[in-house]
Amino acid sequence: MKRTLMAASAGILISATALSSWHTQAGKTDSTPMNAIAERYVRTVLALGQHDKDYVDAYYGPPEWKRDADASKVSLDAIAAQGRAVRADLLKLPPGSDELSRLRHQYLDRQLASLDARIRILKGEKLSFDDESKALYDAVAPTHQAAHFQQLLDSLDKRFPGQGTLAERYDAWRRPFAIPREKLDAVFQTAIKACRDRTVKHVTLPDNERFTVEYVNNKSWSGYNWYQGDFRSLIQVNTDLPIYIDRAIDLACHEGYPGHHVYNALLEKHLVRDRGWMEFTVYPLFSPQSLIAEGTANYGIEMAFTDAERRAFERSVLFPAAGLDPSQADEYYEIQGLVDKLAYAGN
């Protein structure tokens with residue numbers, strides 16, 4: 001897990017107490033070339049956020065850096081030049097003698113390359129899907145032939161005979177597994193506790209870490225973690241969309257323990273507070289940071305529960321809590337396993 005700590009952060013603003021602590025820590029090393037580059041990187045990301053409202057997903061660094069970005073809207077060309085200058089200065093520096101310092105150097109290089117690509121796209125450059133994903137996220141999705149997916153669709157088609165499209169028949173079968181709205185919070189809180197209990201057996205969390213859960217609507221996603229700094233998160237769950245029984249563990253692990261909330265709290269503790277690496281106080285959404293953030297959050301589900309443990313827990317605890325028939329749990333997960341293979345590149 002230490003290797004992947006370089007990859008993700010999310011947040012809004014941090015408390016004055018935490019900022020004071022950070023300034024004390026960072027003040028010891030602010031004169032180093034890497035920390036100067038880190039500040040220039042953060043300011044460049046915030047400047048680009050003035051042109052692309054979705055670009056800065058979160059920020060919990062010094063408020064004056066954000067105020068400076070808000071005070072003047074610099075042109076895209078100027079931001080691109082600034083980003084390239086920061087990257088050129090970065091590449092003149094040695095990567096460092098220890099593994100984490102080398103990863104820091106590589107991380108900033110990839111993030112700055114992605115920022116440059118985002119500016120080109122905002123200026124109208126058109127890229128193929130693979131070229132765009134490589135430019136923004138430093139990754140390209142795997143490739144399967146159509147026959148691979150057809151085989152999966154044929155298997156599902158046999159499970160749902162009848163009229164209508166396969167998607168319609170599957171949706172009709174799945175509908176009874178939605179968690180009733182009045183039971184949603186109880187089920188979700190039970191899932192969160194189970195995920196946290198498993199996480200703390202393996203990960204030392206900051207003493208005052210915590211998060212708040214809100215139920216919202218009019219969103220394009222089913223769940224979201226807004227990391228707020230000071231080891232706090234706001235987790236929002238969209239109640240406009242049906243939330244099926246498997247999503248309770250998925251959301252609790254992915255957004256909470258050991259996913260985004262834990263990941264961001266550890267970044268804040270070990271990299272920002274302990275080392276003064278301020279580049280992790282900003283989260284540019286369209287960047288390699290997102291690929292690793294989402295991938296590790298999903299992998300956290302498998303870390304918390306083996307497949308057998310998850311089925312046993314949901315059958316004995318979550319299905320009854322949601323008022324669903326536990327005897328259908330095995331069939332539900334067997335079919336969901338086939339459906340998941342259709343989303344092989346979901347991250």
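Where is Asn218 found? Asn218 sits in the loop between β2 and β3. The legends below visit that loop and other parts of the model.

This is a predicted model: local features need pLDDT of at least 70, side-chain atom pairs count only at pLDDT 80 or more, and totals for chains, interfaces and linings use all residues. Residues are numbered from 1 along each chain as its sequence is written, and side-chain values use heavy atoms, with hydrogens and water left out.

**View 1. Three strands form an open sheet.**
The strand order is β2-β4-β3, and the pairing is mixed. Strands (E, at least two residues) and helices (H or I, at least four) are DSSP runs, numbered from the N terminus. Two strands pair if DSSP finds at least two bridges between them. β2 (210-216) and β3 (223-229) are the edge strands, each pairing on one side only. From one strand to the next, the twist averages 20 degrees. β3 and β4 (residues 232-238) pair in the antiparallel sense over six bridges. In β4, Ser233 is the bridge partner of Tyr227.

**View 2. Two loops of the sheet hold residues with positive phi.**
Most residues other than glycine have a negative phi. Asn218 has a positive phi of about 60 degrees although it is not a glycine. Asn218 is exposed, with a relative accessible area of 69%. Buried means under 20% relative accessible area, exposed over 50%, and partly exposed in between (1.4 Å probe, protein chains only). Phe231 lies in the loop between β3 and β4. Its phi is also positive, about 65 degrees, and Phe231 is not a glycine. Phe231 is buried, with a relative accessible area of 5%.

Axes are lines fitted to C-alpha atoms, for helices over the stretch in contact, and angles run from 0 to 180 degrees between N-to-C directions. Contact means heavy atoms within 4.5 Å. Eleven of the twelve residues of α10 are buried, so this helix is largely enclosed by the rest of the structure. Among them are Ile245, Ile249 and Cys253.

**View 3. A cis peptide bond lies between Tyr257 and Pro258.**
Most peptide bonds are trans. The bond from Tyr257 to Pro258 is cis, with omega near 0 degrees. Pro258 belongs to the loop between α10 and α11.

**View 4. His261 is buried in helix α11.**
The helix covers residues 260-273. His261 has 1% relative accessibility and counts as buried. Leaving aside neighbours within four places in sequence, the contacts of His261 include Tyr227, Phe231 and Ser233. Glu255 and Gly256 are also among them.

**View 5. Helix α7 has a buried face.**
Phe149, Leu152 and Leu156 are the buried residues of α7. Seen down the axis of α7, they fall within an arc of 60 degrees, so they line one face of the helix. The arc is that of the directions from the helix axis to the C-beta atoms. An α-helix has 3.6 residues a turn, so residues three or four places apart point the same way. The face turned away from the buried side carries the exposed residues Ala146, Ala147, Gln151 and Lys158. The buried residues of α7 pack against α8 (166-174) and α14 (329-342).

**View 6. Helix α14 packs against several helices.**
Its buried residues pack against α7, α8, α10 and α13 (307-321). The buried residues include Tyr332, Tyr333 and Leu338.

**View 7. The largest nonpolar core has 46 residues.**
A nonpolar core is a set of buried Ala, Val, Leu, Ile, Met, Phe, Trp, Tyr and Cys residues joined through side-chain atoms within 4.5 Å. The residues with the most contacts inside this core are Ile179, Phe188, Ile245, Ile249, Phe305 and Leu318. Helix α9 (residues 184-199) gives the largest share of the core, seven residues. Leaving aside neighbours within four places in sequence, Phe305 is in contact with residues including Ile249, Cys253 and Phe313. A second, separate core of 39 residues includes Ile79, Ala80, Leu112 and Ala117.
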